Amino acid sequence: MKKILFILLLIVQNTINAQTYYDVDNNKIDKATFDKLKLNKKNMEVQNDSLNRFKLINFDERMEVGSLEDSSNLINTLNEKLNLKLDRNKPLIIYYYPGKDPCNSSGVFTKRKEMLEWDLKVDVEVRKIADVNVLRIYKNSEGIKTLKDHVWKKDPNALIENLFFNYHYPCGSFVVINKEKYAAFFGEYGYNEVKVNLAYLLKQ
């Protein structure tokens, strides 16, 4: 009986720890194929932390445009859960920090001064286009250099993660929401990507 229980435990453990791999078209592939495709510089590896799932995305195709069923409900939920006063009549930019990783914990942008200068530059460029709400959300705050300089909020019940960022994208990501439309950008980005996404949504 103990032997049977031990075997069952091994099966359950292997199932829990099983890693799955997907290519850029979301086709399931084996690890060897995944590792080979990852050598292509245009492919970027991302991981779903909870499901132990790995996926490749095209480095040049990291923008996703879509629609929300009820953006007002999202804004109301964020205001309620995070004690905010976001204006639903303004576009909302959410900067999302997935947790510490090699991308956001190395290089010049790990220094607080440079991060603050970069944030200011992004803010100036964005506000040339429109008056916006800005929200900084984190999944795990470890490694955030500007935690004491900006208002950072913990993702309530993984709401933003589940809506837009199912995978851990290196460095961080952002999403722009305007009315019922959104434009998300996955992984390391510059201020130009924020401007492009915002300008695009304002034309919709």
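The structure is a predicted model, in which local features need pLDDT of at least 70 and side-chain atom pairs count only at pLDDT 80 or more, while totals for chains, interfaces and linings use all residues. Residues are numbered from 1 along each chain as its sequence is written, and side-chain values use heavy atoms, with hydrogens and water left out.

The chain contains six helices and 10 strands (DSSP runs numbered from the N terminus: H or I of at least four residues for helices, E of at least two for strands). Of its 204 residues, 39% are buried. Among contacts (heavy atoms within 4.5 Å) with a separation of 6 or more, 61% are between residues 24 or more positions apart.

Helix 3 covers residues 71-82, which is 12 residues. From its first C-alpha to its last, helix 3 reaches 16 Å, close to the 16 Å expected at 1.5 Å a residue (the expected span being 1.5 Å times one less than the number of residues). The buried residues of helix 3 are S71, L74, I75, L78, N79 and L82. Viewed down the axis of helix 3, these buried residues fall within an arc of 130°, so they line one face of the helix (the arc is taken from the directions between the helix axis and the C-beta atoms). An α-helix has 3.6 residues a turn, so residues three or four places apart point the same way. The partners against which the buried residues of helix 3 pack are strand 6 (92-97), strand 7 (133-138), strand 8 (152-154), helix 5 (159-164) and strand 9 (173-178). At the N-terminal end, D70 caps helix 3, with a side-chain oxygen 3.2 Å from the backbone nitrogen of S72. Just after helix 3, N83 has a positive phi of about 55°.

The largest nonpolar core has 22 residues (a set of buried Ala, Val, Leu, Ile, Met, Phe, Trp, Tyr and Cys residues joined through side-chain atoms within 4.5 Å). The members of this core that touch the most other members are L78, I94, I160, F165 and I177. At least two residues of the core come from each of helix 3, strand 6, strand 7, helix 5, strand 9 and strand 10. Helix 3 contributes the most, with four residues. Another core lies apart from this one and has 15 residues, including Y95, V132, V194 and L198. Leaving aside neighbours within four places in sequence, I94 is in contact with L78, L135, I137, I160, S173, F174, V175 and I177.

Aromatic pairs number 13 in the structure (rings of Phe, Tyr and Trp, the last by its six-membered ring, with centres within 6.5 Å; planes under 30 degrees apart are stacked, over 60 edge-to-face and the rest tilted). Y96 and F165 form a stacked pair, 4.8 Å centre to centre with 25° between the planes. This pair links distant parts of the chain, with Y96 in strand 6 and F165 in the loop between helix 5 and strand 9, 69 residues apart. Both Y96 and F165 are buried. The rings of F174 and F185 have centres 5.8 Å apart and planes at 15°, so this pair is also stacked. F174 belongs to strand 9 and F185 to strand 10 (residues 181-185), so the pair ties together parts 11 residues apart in sequence. F185 is buried, with a relative accessible area of 9%. Ring pairs also link Y96, F164, F165, Y167, Y169, Y182 and F186 into a cluster.

Several loop residues were also examined. A158, in the loop between strand 8 and helix 5, has a positive phi of about 55° although it is not a glycine. The relative accessibility of A158 is 24%, so A158 counts as partly exposed. C171, in the loop between helix 5 and strand 9, is likewise not a glycine and has a positive phi of about 75°. T146 lies in the loop between strand 7 and strand 8 and counts as buried at 2% relative accessibility. Not counting residues up to four places away in sequence, T146 touches M115, L116, D119 and W152. The C-alpha atoms of T146 and L116 are separated by 7.1 Å, and the two residues are 30 residues apart along the chain.

Key. Buried means under 20% relative accessible area, exposed over 50%, partly exposed in between (1.4 Å probe, protein chains only). A polar contact is a pair of N or O atoms within 3.5 Å; within protein, one must be able to donate a hydrogen and the other to accept it, and residues adjacent in sequence count only if both atoms are side-chain atoms.
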